[in-house]
Amino acid sequence: MKPTFIVNESKRKVTYKVRKIGMKKKLHEITVLCGIQACAIIYGRNETEPEVWPSHSEFQRVINRFNAMSEIDQRKNMSTQESFLKKNFEKAQDQLKKARDENKKNEMELFMFQCLGVGSIINNGDTIDMNYLLLLINQNLRDISGKESRDQPQHGIGVAVNGTKT
């Protein structure tokens, strides 16, 4: 459900109070569970002064610590909504590309093994990237020959546990 502005003022006030309590509870939990420092300024629409969590002195201590950091360190983990969305979009694009590449590889392997089973190239009207198929065949052959060389016994003199030559 996409959040939208609550038009009914009494419902909005109740929601604000409930959500504010929930947010402070979550902040407290993350500070305890992760051993971090956190603070918040909550400025309600009908309030004359902002509420500071957990206390004014703790808030000031966290802000002073933050301000003492270099500007580079301050900005290291910051993000705007735009940069956050851009980063997540790029990550999703990378995941999509990897999934498409994996699907293409799986389709070609299936095609290759179907052809091997029948003994000839089967084409049901699909476009086949023969270069990619050749690349995949060569990769599978390299994998097979690598496994064969590992599985074959090594020739030469070996020494058994009891010290005799084998």
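Modeller: What follows goes from the overall chain to helices and salt bridges.

Modeller: This is a predicted model, where local features need pLDDT of at least 70, side-chain atom pairs count only at pLDDT 80 or more, and totals for chains, interfaces and linings use all residues. Residues are numbered from 1 along each chain as its sequence is written, and side-chain values use heavy atoms, with hydrogens and water left out.

Biologist: What is the mean pLDDT of the chain?

Modeller: The mean is 84, and 85% of the residues reach 70 or more. pLDDT is the predictor's confidence in each residue, from 0 to 100.

Biologist: Which element has the lowest mean?

Modeller: Helix H5 (residues 130-151), at 79, while helix H1 (residues 9-34) has the highest, 94. Where pLDDT is low, the predicted coordinates should not be read in detail.

Biologist: How many helices and strands are there?

Modeller: The protein chain has five helices and two strands, in the order α-β-β-α-α-α-α from the N terminus. Both kinds are DSSP runs numbered from the N terminus: helices are H or I with at least four residues, strands are E with at least two.

Biologist: How much of the chain is buried?

Modeller: Buried residues are 14% of the 166 in the protein chain. Buried means under 20% relative accessible area, exposed over 50%, and partly exposed in between, with a 1.4 Å probe and protein chains only.

Biologist: What is the span of H4?

Modeller: Helix H4 (residues 81-118) has 38 residues and reaches 55 Å from its first C-alpha to its last, close to the expected 56 Å. The expected span is 1.5 Å times one less than the number of residues. Met108, Glu109, Phe111, Met112 and Cys115 are buried in H4. Just after H4, Gly119 takes a positive phi of about 95 degrees.

Biologist: Switching to charges. How many salt bridges?

Modeller: A search of the whole structure gives 10. A salt bridge is a side-chain nitrogen of Lys or Arg within 4 Å of a carboxyl oxygen of Asp or Glu.

Biologist: Which residue does Glu51 pair with?

Modeller: Glu51 forms a salt bridge with Lys20, at 2.8 Å, N to O. Glu51 lies in strand S2 (residues 51-53) and Lys20 in helix H1, so the pair ties together parts 31 residues apart in sequence. Lys20 is buried at 14% relative accessible area, and Glu51 is partly exposed at 23%. A network of salt bridges links Lys20, Lys24, Glu47 and Glu51.

Biologist: And where do Lys76 and Asp73 lie?

Modeller: Both lie in helix H3, three residues apart, about one turn of the helix. Lys76 is exposed, with 58% relative accessible area, and Asp73 is partly exposed at 34%.

Biologist: What about Asp101 and Lys97?

Modeller: Their side chains form a salt bridge of 2.9 Å, N to O. The two are four residues apart in helix H4, about one helical turn. An α-helix has 3.6 residues a turn, so residues three or four places apart point the same way.

Biologist: Back to H3. Is Gln74 buried or exposed?

Modeller: Gln74 is buried, at 18% relative accessible area, and sits in helix H3 (residues 71-76). Leaving aside neighbours within four places in sequence, Gln74 is in contact (heavy atoms within 4.5 Å) with Phe66, Asn67 and Met69.
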